[in-house]
Amino acid sequence: MTFARDAVSVTVRRVLPPAVALVALLGLWQWVSVSGIVPSELLPSPTRVASSGATERGALLHHALPTLLATLTGFSLSVVVAALTATVLDFSRVLRSALLPLLIVSQTLPLIAIAPLVVLWFGFGLVPKILLVAFVTYFPMVVGLLRGFASADPDAEQLLRSMGASRVSVFRLVRLPSAMPSFFSALRISITYAVVGAIFAEYAGAVAGLGVYMQSAKNVFRTDLVLAAVGVSTALTLALFGLVVLVERVALPWMRIDRGEPAGAR
């Protein structure tokens with residue numbers, strides 16, 4: 001019972017402040033829209049956006065599924081490639097010195113310039129969206145893993161080496177576990193970029209997706225439908241973020257104790 005009460009208390013403390021802020025923001029938005037301060041054509045009220053979204057739920061679902069597929073596929077690809085890259089760089093100081101600056105420079109390339117090129121090279125299908133999602137999420141994960149590897153306890157590494165452990169064994173037993181908190185922090189950051197990357201790729205060129213739907217709604221001046229699609233993309237992002245947090249809590253249960261959470265909290 002104590003664990004349950006502590007878990008409820010932690011949940012309330014975390015959920016209540018943002019919930020109150022969200023309700024206040026929606027109330028202000030509703031008042032500004034209906035009071036005429038801003039024309040309703042430019043800023044439709046939340047109730048109108050919700051009503052329009054409910055009416056168009058079939059079309060929104062139809063376009064949300066390709067966006068979700070591109071997000072999940074591109075993000076999965078990015079996780080695999082980032083993990084391999086960070087592992088190789090951690091084992092080779094020469095490669096790290098040579099390639100890390102290039103990875104940093106790659107983040108200065110504007111997505112607005114890259115997206116049309118990727119569409120021209122790979123067409124209007126799923127592939128360009130997957131590649132752009134991977135591009136925008138790859139770098140934070142590489143950096144997160146490298147920082148995590150660097151945070152490994154040198155005394156533990158030295159102890160294993162004194163016992164005859166190989167470099168691979170030291171990596172597996174010390175450096176890799178030490179990198180997991182940083183890795184999951186990078187995952188949480190990256191997943192918020194993933195949906196945006198997929199939608200941006202759809203803006204550049206696609207046959208279906210929330211980006212395509214937003215463009216169509218914008219072209220007929222349906223601001224309410226554009227905002228409804230934004231709401232769907234936000235819901236997708238929050239759901240995926242929550243999934244990453246859930247995986248982290250299952251994979252790294254000791255992190256809850258380090259943050260002062262009750263041991264029985266889920």
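How many salt bridges does the structure hold? The structure holds seven. The model is a predicted one.

## Salt bridges at aspartate 224

Aspartate 224 and arginine 48 meet through their side chains in a salt bridge, at 3.8 Å from N to O. This pair links distant parts of the chain, with aspartate 224 in helix α10 and arginine 48 in helix α2 (residues 46–55), 176 residues apart. Aspartate 224 has a relative accessible area of 2%, so it is buried. Arginine 48 has a relative accessibility of 34% and therefore counts as partly exposed.

The side chain of aspartate 224 also meets that of arginine 222 in a salt bridge, at 2.9 Å from N to O. Arginine 222 counts as partly exposed, because its relative accessibility is 35%.

## A salt-bridge network

Glutamate 157 forms a salt bridge with arginine 175, and their closest N and O atoms are 3.0 Å apart. Here too the pair links distant parts of the chain: glutamate 157 is in helix α7 (residues 154–162) and arginine 175 is in helix α8, 18 residues apart. Glutamate 157 counts as buried at 6% relative accessibility, and arginine 175 counts as buried at 17%. Salt bridges with shared partners join Asp90, Glu157, Arg161 and Arg175 into one network.

## Helices α3 and α4

Two packed helices are described by the distance between their axes and the angle between those axes. The axes of α3 and helix α4 (residues 93–106) come within 6 Å and cross at roughly 135°. The angle makes α3 oblique to α4.

Residues of α3 that meet α4 include Val88, Leu89 and Phe91. On the α4 side, the residues in contact include Leu95, Leu99 and Leu103.

Leucine 131 is in helix α6 and counts as partly exposed, because its relative accessibility is 31%.

## Two single residues

Is serine 190 buried or exposed? Serine 190 is buried, with a relative accessible area of 0%. The residue lies in helix α8 (residues 167–204). Leaving out residues up to four places away in sequence, serine 190 touches Phe75, Thr137, Pro140 and Met141.

Threonine 223 is in helix α10 (residues 223–251). At 26% relative accessibility, this threonine counts as partly exposed. Leaving out residues up to four places away in sequence, threonine 223 touches Glu41, Leu42 and Pro44.

Definitions and conventions: Residues numbered from 1 in each chain as written. Predicted model: local features only at pLDDT ≥ 70, side-chain atom pairs only at ≥ 80, totals over all residues. Heavy atoms only, no water. Helix = DSSP H or I, 4+ residues; strand = E, 2+ residues; numbered from the N terminus. Buried < 20%, exposed > 50% of the residue type's maximum accessible area, 1.4 Å probe, protein only. Axes fitted to C-alpha atoms, helices over the stretch in contact; angles between N-to-C directions. Parallel < 35°, antiparallel > 145°, perpendicular 65-115°, else oblique. Contact = heavy atoms within 4.5 Å. Salt bridge = Lys/Arg side-chain N within 4 Å of Asp/Glu carboxyl O.
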